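Dear colleague,

Here is the structure I said I would pass on. My notes follow below it.

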Amino acid sequence: MKILIILNGISRKKNFFYREILPALQENFEITLAETAYASHATRLASEAPSQGFDCVLSAGGDGTLHQVINGILLNGNSDALPSIGVIPLGSGNDFATACEIETNATSIIKLLKENSPKPTDVGKILCEDSHGNKIQKYFINVCSLGMGPATVQQMEKSPKWMSADLRYFTAIVQTFFNHQPEKISLKTENWEFSGKVRVFAVANGKSFGNKIFIAPDAKMEDGWLNTFLASDLPLAKFLWYLQTIKQKKKITDSRIEYTKVKEVSLSSPQKLLLEAEGELVGQLPAQIEIIENRIKFFR
């Protein structure tokens, strides 16, 4: 198997990867390694992979690196010609890898690649606007959200670079919880409409985001559905209390929190609210989000 590994060049687990994982993979497969050098570099590297004859592209990083790899691969459009995709979890959260029960060790990764065929896997497609109002298209494999999700990403981008990724994320979460105000949105699906203020609205193909916040514990990434989670304008203290339950993979019973399953959802707001996917800012409202069934083949 001819494999391209795209490694997040600023991963804090990079030395571990070079020491413990890469040599073992090189003994078993034909490996080409590309290390990212700048923001969105993984997208460009992945976009070149289909024309270079790779059978598989492994994203070595966190959810953000995987997001870039997915988008780079899907820029080519032709499903039949695309390499399969996999992940080596080297990030802080690794929410999608956790949903797939993928471990960060060479033995399990080699076993997965040798003993399993890549499985057809759904992805979400986002049609939204960039900061100049131009229409853009993005994909996600795990979770897309608005509200506290994008606000946390923005806070992280403002954090000092000397902080570790874990500390930057923790600091951003704390600041967001106490500074972010619920935002007005309108949404419409094939069987549900909502208009009002929300703290979080998430559209999930995977089970969790934000480092094991399980907003869709029942989600299946091959069932042709997106799971949604809406936390409306409930008091901050109550939301913080509920988060402890959510992290235990339990659903909340409260009229201000709603769970649904949809094929697509339209989103709008009086403001140009931001959207994030896998911890990457992708655009702003208005937006249309829909499921694309069996769009990729993923080792899981």
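A polar contact here is a pair of N or O atoms within 3.5 Å; within protein, one must be able to donate a hydrogen and the other to accept it, and residues adjacent in sequence count only if both atoms are side-chain atoms. Helices (H or I, at least four residues) and strands (E, at least two) are DSSP runs, numbered from the N terminus. This is a predicted model, in which local features need pLDDT of at least 70 and side-chain atom pairs count only at pLDDT 80 or more, while totals for chains, interfaces and linings use all residues. Residues are numbered from 1 along each chain as its sequence is written, and side-chain values use heavy atoms, with hydrogens and water left out.

Helix α5

At the start of α5, a side-chain oxygen of Asn105 comes to within 3.3 Å of the backbone nitrogen of Thr107. The helix covers residues 106-115, and Ala106, Ile109, Ile110, Leu112 and Leu113 are buried in it (under 20% relative accessible area; exposed is over 50%, partly exposed in between; 1.4 Å probe, protein chains only). Seen down the axis, these buried residues fall within an arc of 160°, so they line one face of α5; the arc is that of the directions from the helix axis to the C-beta atoms. Thr107, Lys114 and Glu115, on the other side, are exposed. The cover over the buried residues includes β1 (2-7), α1 (14-28), β3 (56-61) and β4 (84-89).

The axes of α1 and α5 come within 9 Å and cross at roughly 30°; axes are lines fitted to C-alpha atoms, for helices over the stretch in contact, and angles run from 0 to 180 degrees between N-to-C directions. Glu20, Ile21, Ala24, Leu25 and Asn28 of α1 make the contact with Ala106, Ile109, Ile110 and Lys114 of α5 (contact means heavy atoms within 4.5 Å).

Arg300

Arg300 lies in the segment after β14 (280-298) and is buried, at a relative accessible area of 15%. Its side chain makes polar contacts with the side chains of Thr121 (2.9 Å) and Glu222 (3.3 Å). Beyond its neighbours within four places in sequence, Arg300 is in contact with residues including Cys100, Leu112 and Met221.

Backbone points

Leu285 and Pro286 are joined by a cis peptide bond, with omega about 5°; Pro286 is in strand β14. Two residues other than glycine have positive phi: Lys212, near 70°, and Glu278, near 55°. Lys212 is partly exposed at 22% relative accessibility, whereas Glu278 is buried at 7%.

Regards
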